[in-house]
Amino acid sequence: MTEQTRFKEKLRKKLLSIKPDFNDHDLETGIERFKLFEGKAGDLIVKKGERCDTIFLAEKSISRCFVWDENYEEKTIWIEPEMSFLTEFKSFKSGEKSGANIHLYEDSLVYLIEREQLFNLYESYHEWALLGILFLEEFLHYTMAFSHQMHFNNATQNYKLIEEKYLRYLNIVPLKHIASRLNISPVHLSRIRNKAGENSKN
């Protein structure tokens with residue numbers, strides 16, 4: 001099995017996890033609209049100042065969206081695991097230039113579909129239009145639940161949340177990026193991490 005075939009199977013499973021009763025013919029027709037490229041660690045798949053009119057799915061790489069603040073320091077907006085559908089949503093929806101960057105942490109095959117192709121699928125295939133609705137419902141639920149936890153937890157609780165649900169982040173994502181996502185300093189996060197390590201030994 002080639003890498004492309006393997007990844008295509010993963011994409012199919014991902015789509016079926018959102019809509020298990022997807023019609024086989026319509027599903028395959030849509031999958032053929034996706035393009036594939038080889039991404040490298042550090043690649044910007046979305047660049048600030050350029051329009052983002054595609055949705056991405058990285059097979060093996062954690063991805064991050066970030067901006068620069070007025071002091072030219074990076075501020076992390078989100079960090080998402082592999083096999084997540086990604087885009088710079090404001091640019092994708094409005095057609096305006098992106099105000100953020102999205103990059104890969106690791107080498108990975110990346111599938112993408114252009115907005116025009118996706119909307120053609122919505123118009124031509126009822127199944128794909130339903131998929132879009134189901135995905136938005138799932139994404140909204142996930143985003144609201146995660147944001148609620150992040151808002152009401154303290155920094156230590158949020159770090160434990162990452163340990164429990166996103167453990168691979170701690171091996172791949174630089175500490176300063178995780179700290180930025182949690183809106184705390186790297187020093188503060190390092191103290192929390194050290195304390196968590198000490199508690200696990202006791």
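What is the relative accessible area of K8?

A: K8 has a relative accessible area of 22% and is therefore partly exposed (buried means under 20% relative accessible area, exposed over 50%, partly exposed in between, with a 1.4 Å probe and protein chains only). The model is a predicted one, in which local features need pLDDT of at least 70 and side-chain atom pairs count only at pLDDT 80 or more, whereas totals for chains, interfaces and linings use all residues. Residues are numbered from 1 along each chain as its sequence is written, and side-chain values use heavy atoms, with hydrogens and water left out.

K8 forms a salt bridge with E32, and the closest N and O atoms are 2.4 Å apart (a salt bridge is a side-chain nitrogen of Lys or Arg within 4 Å of a carboxyl oxygen of Asp or Glu). This pair links distant parts of the chain, since K8 lies in helix α1 and E32 in the loop between α2 and β1 (35-39), 24 residues apart. Helices (H or I, at least four residues) and strands (E, at least two) are DSSP runs, numbered from the N terminus. E32 counts as exposed, at 52% relative accessibility.

The structure holds 13 salt bridges. R6, K10 and E59 are linked in a network of such bridges. Another pair is K19 and D21, whose closest N and O atoms are 2.8 Å apart. In this pair K19 is buried, with a relative accessible area of 3%, while D21 is exposed at 58%. R168 and E106 also form a salt bridge, with the closest N and O atoms 2.9 Å apart. R168 counts as partly exposed at 29% relative accessibility, and E106 counts as buried at 16%.

A nonpolar core is a set of buried Ala, Val, Leu, Ile, Met, Phe, Trp, Tyr and Cys residues joined through side-chain atoms within 4.5 Å. The largest such core has 22 residues, of which L11, L15, L57, F85 and W128 touch the most other members. At least two residues each come from α1 (3-18), α2 (24-31), β3 (54-58), β8 (108-114), α4 (115-124) and α5 (126-152). Helix α1 gives the most, with four residues. Not counting residues up to four places away in sequence, L57 touches F7, L11, M83, S84, F85, L109, V110 and Y111 (contact means heavy atoms within 4.5 Å). Apart from this core lies another, of 19 residues, among them A155, L161, L182 and I192.

Strand β3 also holds T54, which counts as buried at 11% relative accessibility. Leaving aside neighbours within four places in sequence, T54 is in contact with L86, T87, F92, L112, I113 and E114.

A further element is an open sheet of four strands in the order β2-β7-β4-β5, with antiparallel pairing (two strands pair if DSSP finds at least two bridges between them). β2 (44-46) and β5 (74-80) stand at the edges with a single partner strand each, so one side of each is left without a neighbour in the sheet. Neighbouring strands are turned by 35° against each other on average, direction ignored. Axes are lines fitted to C-alpha atoms, for helices over the stretch in contact, and angles run from 0 to 180 degrees between N-to-C directions. Helix α8 (residues 175-182) packs on the sheet and touches β4 (63-68), β5 and β7, its direction making about 90° with that of β5.

Two bridges join β2 to β7 (residues 101-104), and V46 has I102 in β7 as its bridge partner. β4 and β5 are joined by six bridges, with W68 standing opposite E74 in β5. The hairpin of β4 and β5 has five residues between the strands, and Y72 there takes a positive phi near 65°.
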